[in-house]
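Colleague: I would like to learn how to read helix packing and backbone features in a model. Could we take one case and work through it?

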Amino acid sequence: MKKSKKNTSLPENGEERDKVIAARKTLARLLIVIVNTVLFYTVYAMLANGDAGYIASQIVMWTYFAALIVLFSAYIIYNKGFTMVNRTADSFPEDWSYEKMCAVTEEGERRKQKSKWMLLIIIPLMFTFMFDMIDLFILDSFRYLFN
C-alpha cells in the first residue's frame, strides 16, 4: 500500500502562485515573530526577576529598551516616515513627471521591503515590554488580592 504524499506543489496560475508564496512568507514571518517573542520574553523574565541580581535585571531591561528605540527609530527614518508609499498622483508637486512619481513610490516600496527584517525584532521587543507591564500592573494586583 502506497503512502499518499501531501501535495505541496504550487498552483500553475501565476496570480494564484504569487498569493500562495506571499501567504507562506507571511506565515513564516509570523512564526519568527512568535519564536522571537517567546525567546526575548524568556530571557527577559529570567534575568529581570531578581534571582540573577539587580544589575542583571537593569542591564537586560535597558538593553532591550535601547534596542527597541534604536531599531524603531531606524525603521521610521529609513522608510522616510512612510511618505513615499501609498500616495496618489495629486499628492505630488504638480511639476513632477509621471516617471518621477513612479520612481519615488517604487523606492518607497523597495525601502519598505528591505526593512521588514527590523519588524521581526521590534514587534517581539514591544510584546516583551507589554507582557512585563501586564505582569507588573494587572497580575500583581490579582496576586495582592488573593494573598
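Colleague: Which residue just after α2 takes a positive phi?

Modeller: K80 does, with a phi of about 50°. Helices here are DSSP runs of H or I with at least four residues, numbered from the N terminus. This is a predicted model, in which local features need pLDDT of at least 70, side-chain atom pairs count only at pLDDT 80 or more, and totals for chains, interfaces and linings use all residues. Residues are numbered from 1 along each chain as its sequence is written, and side-chain values use heavy atoms, with hydrogens and water left out.

Colleague: Is N86 buried or exposed?

Modeller: Buried means under 20% relative accessible area, exposed means over 50%, and partly exposed is in between, with a 1.4 Å probe and protein chains only. N86 has 70% relative accessibility, so it counts as exposed. F82, at 30%, counts as partly exposed.

Colleague: Where is S115, and what is it in contact with?

Modeller: S115 sits in the loop between α3 (98-114) and α4. Contact means heavy atoms within 4.5 Å. Leaving aside neighbours within four places in sequence, S115 is in contact with Y75, Y78 and N79. S115 counts as buried because its relative accessibility is 0%.

Colleague: How do I check the length of a helix, and what span should α1 have?

Modeller: The expected span is 1.5 Å times one less than the number of residues. For the 35 residues of α1 the span should be 51 Å, and the end C-alpha atoms are 50 Å apart, which agrees. Helix α2 (residues 54-78) has 25 residues and should span 36 Å; its end C-alpha atoms are 36 Å apart, so that agrees too.

Colleague: Which residues of α1 and α2 are buried?

Modeller: In α1 they are V33, N36, T37, F40 and Y44, and the cover over them includes α2 and α4. In α2 they are S57, V60, Y64, L68, L71 and Y75, with α1 and α4 among what covers them.

Colleague: At what angle do α1 and α2 pack?

Modeller: Axes are lines fitted to C-alpha atoms, for helices over the stretch in contact, and angles run from 0 to 180 degrees between N-to-C directions. The angle between α1 and α2 is about 150°, and their axes are 8 Å apart. F40, V43, Y44, L47 and A48 of α1 make the contact with A56, S57, V60, M61 and Y64 of α2. By class, 9 of these residues are nonpolar, 1 is polar and none is charged. Ala, Val, Leu, Ile, Met, Phe, Trp, Tyr, Cys and Pro count as nonpolar, Asp, Glu, Lys and Arg as charged, and the others, Gly among them, as polar.

Colleague: At what angle do α1 and α4 cross?

Modeller: The axes of α1 (residues 14-48) and α4 (residues 116-145) come within 8 Å and cross at roughly 45°. That makes α1 oblique to α4. Angles under 35 degrees count as roughly parallel, over 145 as roughly antiparallel, 65 to 115 as roughly perpendicular, and the rest as oblique. The crossing of α1 past α4 is right-handed. A crossing is right-handed if the near helix is turned clockwise from the far one by less than a right angle, and left-handed if anticlockwise.

Colleague: Which residues of α1 meet α4?

Modeller: R29, I32, V33, N36, T37, F40, Y41 and Y44 do, and their partners in α4 include K116, L120, I121 and D135. This contact of α1 with α4 has 13 nonpolar, 3 polar and 4 charged residues.

Colleague: How do α2 and α4 pack?

Modeller: Their angle is about 140°, with the axes 9 Å apart. That makes α2 oblique to α4. α2 passes α4 in a left-handed crossing. Among the residues in contact are M61, Y64 and F65 of α2 and W117, M118 and L119 of α4. The contact of α2 with α4 divides into 17 nonpolar, 1 polar and no charged residues.

Colleague: How many residues apart along the chain are E106 and L136?

Modeller: They are 30 residues apart along the chain, and their C-alpha atoms are separated by 44 Å. E106 is found in helix α3 and is exposed, with a relative accessible area of 55%.

Terms used
Helices (H or I, at least four residues) and strands (E, at least two) are DSSP runs, numbered from the N terminus.
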